[in-house]
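Try each task before reading its solution.

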Amino acid sequence: MRRPRLTLRARLTLVYGGLFLLAGLVLLGLTYLLVEGQFPDEGQVVSDAVHTEQNPPPGAEEEWSHLQGVVDVTWDEALSAILTQGGLALFLVGAIAIAIGYLVAGRMLQPLQRITDTAGRIAEAPAADRGLHERIKLDGPRDELGELAETFNVMLERLDHSFDGQRRFIANASHELRTPLTLTRALLEVALHRPNASPEVRQLGETLLEINGRHERLIEGLLLLTRSDRELTERSYVDLADLAEHVAAQTPAEGREIAVEAAEAPVTGDPVLLERLVHNLVENAVRYNVDGGRVRVRTGARGGAAVLEVSNTGPAVPAYEVAALFEPFRRLGAERLANTPGAGLGLSIVRAVARAHGGEADAAPREGGGLTVTVTLPAAETPVSSA
C-alpha cells in the first residue's frame with residue numbers, strides 16, 4: 001500500500017519549523033554554557049571575604065559559609081530556570097513560528113496551485129480544442145513561479161497552434177478529396193450503365209466503385225473524427241434507448257441476429273454524433289462477427305450515468321490488443337485489414353464522441369470470442385412532459 005505523501009506546503013512548514021527549533025535549541029544550549037561558565041567556584045565567596053577582611057569579627061566565617069550556600073542554591077535555580085522556562089518559551093515560540101510558516105508557505109505557493117489547477121482543467125477538458133485555449137494568469141513579481149507560468153503559457157500556445165493546424169489540415173484535405181472522389185464515382189456509374197459496356201468493363205467498374213466507396217468512407221470518417229474532437233456548441237436531450245432501437249432496425253444484419261435490450265438512458269449532446277457512435281458500434285459488431293453469430297445491444301442507467309453496451313460473438317480477441325483497437329487505422333490482425341471494407345476509424349470515432357460528451361468508451365474481450373464495448377456518458381434528467 002502506497003503511503004500518503006505530504007504536500008509541498010506541509011514539507012516546507014516542517015523544514016522551516018525544524019530549522020527554527022534546531023536553531024533555538026543551539027541558542028539555548030550556548031546560553032546555558034555561557035551562564036554556567038560565570039558560576040563562582042565552590043568557596044569563592046568565603047575566600048574573597050577573607051582576603052577583603054583583615055580582621056574578621058567572631059562568627060563572620062559562619063555567615064560567609066551560609067552566604068556561599070545561598071549563592072550556590074540561587075545559581076543552581078537560575079541554571080535550572082534557563083533550561084525549563086527557556087525550553088518552554090522555545091516550544092511556544094516554535095509553535096507560533098510553525099503556524100505562521102504554514103500560512104506564509106500557503107501564501108507563497110498560491111501561484112503554483114493556480115498553475116496546477118489550470119493544468120488540471122486542461123487535462124480534464126472533454127474537448128481537445130477547448131482546454132488548450134486557456135492560459136495561466138498570475139499577478140505579482142516576475143520571479144521563478146512567474147517564469148514557470150510564462151513558459152507553460154508559451155507551451156500551451158504552441159500546442160494549441162499545432163493541434164488547430166492539424167485539424168484544419170485534415171478537414172481541408174478531406175474536403176478537397178471528396179470532390180474528385182464524387183466525380184470519379186459519377187463517371188464510373190455512367191460507364192457501368194452504358195448499354196454497350198462489356199462484362200469485363202462492368203466487373204472493373206464495380207471493383208473501382210467499391211474502392212472509391214471505401215475511400216469516401218475513409219474521408220467521411222476523418223471529417224467526423226475531426227468534428228468529434230471539437231467542443232459541443234449545441235446540446236439536445238437524447239435517449240440512447242431510442243437511438244439503439246433505430247440503429248439496430250436500420251443496420252443490415254447480414255445473417256446475424258441483433259437483439260436489443262433498450263432501457264431508458266437519457267443524455268444531453270449532439271444527436272448526430274451520438275447516432276454515429278451507436279451506428280459504428282452496431283456496424284462493427286455485425287461486420288466483425290462469425291456466420292450466424294449474435295449481436296446484443298443494451299442500454300440503461302448505472303450509477304448516475306447512461307450506459308450503452310454492444311457485444312458480439314465474433315472471433316477471439318487477445319486482451320493485450322484491445323486498447324490498440326481505439327487508435328485510428330488499427331484493426332485486429334492482418335487478415336481483417338485485407339478482407340474488410342472498414343477504414344479502421346470506427347472505434348476511434350466512438351471514443352472521440354464519448355469523450356466530447358464527457359464520457360468514456362472501453363472494450364473487453366468476451367468469453368468464447370467476440371468483444372464487448374461499453375460507452376458511459378453523463379446521464380441527463382428526464383424532461384417533464386407538459387399535460
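**Exercise 1.** Find the bridge partner of Val260 in E4.

*Solution.* In E4, Val260 is bridged to Val297. Now widen the view: E2 and strand E4 (residues 294-302) run parallel and are joined by six bridges. Strands here are DSSP runs of E with at least two residues, helices are runs of H or I with at least four, and both are numbered from the N terminus. Two strands pair if DSSP finds at least two bridges between them.

This is a predicted model, in which local features need pLDDT of at least 70, side-chain atom pairs count only at pLDDT 80 or more, and totals for chains, interfaces and linings use all residues. Residues are numbered from 1 along each chain as its sequence is written, and side-chain values use heavy atoms, leaving out hydrogens and water.

**Exercise 2.** Work out the strand order of the open sheet, and say which strands stand at the edges.

*Solution.* The five strands follow the order E2-E4-E5-E7-E6, with mixed pairing. Strand E2 (257-262) and strand E6 (360-365) are at the edges; each has a single partner strand, so one side of each lacks a neighbour in the sheet.

**Exercise 3.** Which residues of helix H8 (residues 240-250) are buried, and how are they arranged?

*Solution.* Seen down the axis of H8, they fall within an arc of 160°, so they line one face of the helix (the arc is that of the directions from the helix axis to the C-beta atoms). Finally, the face turned away from the buried side of H8 carries the exposed residues Ala249 and Gln250.

Methods
Buried < 20%, exposed > 50% of the residue type's maximum accessible area, 1.4 Å probe, protein only.
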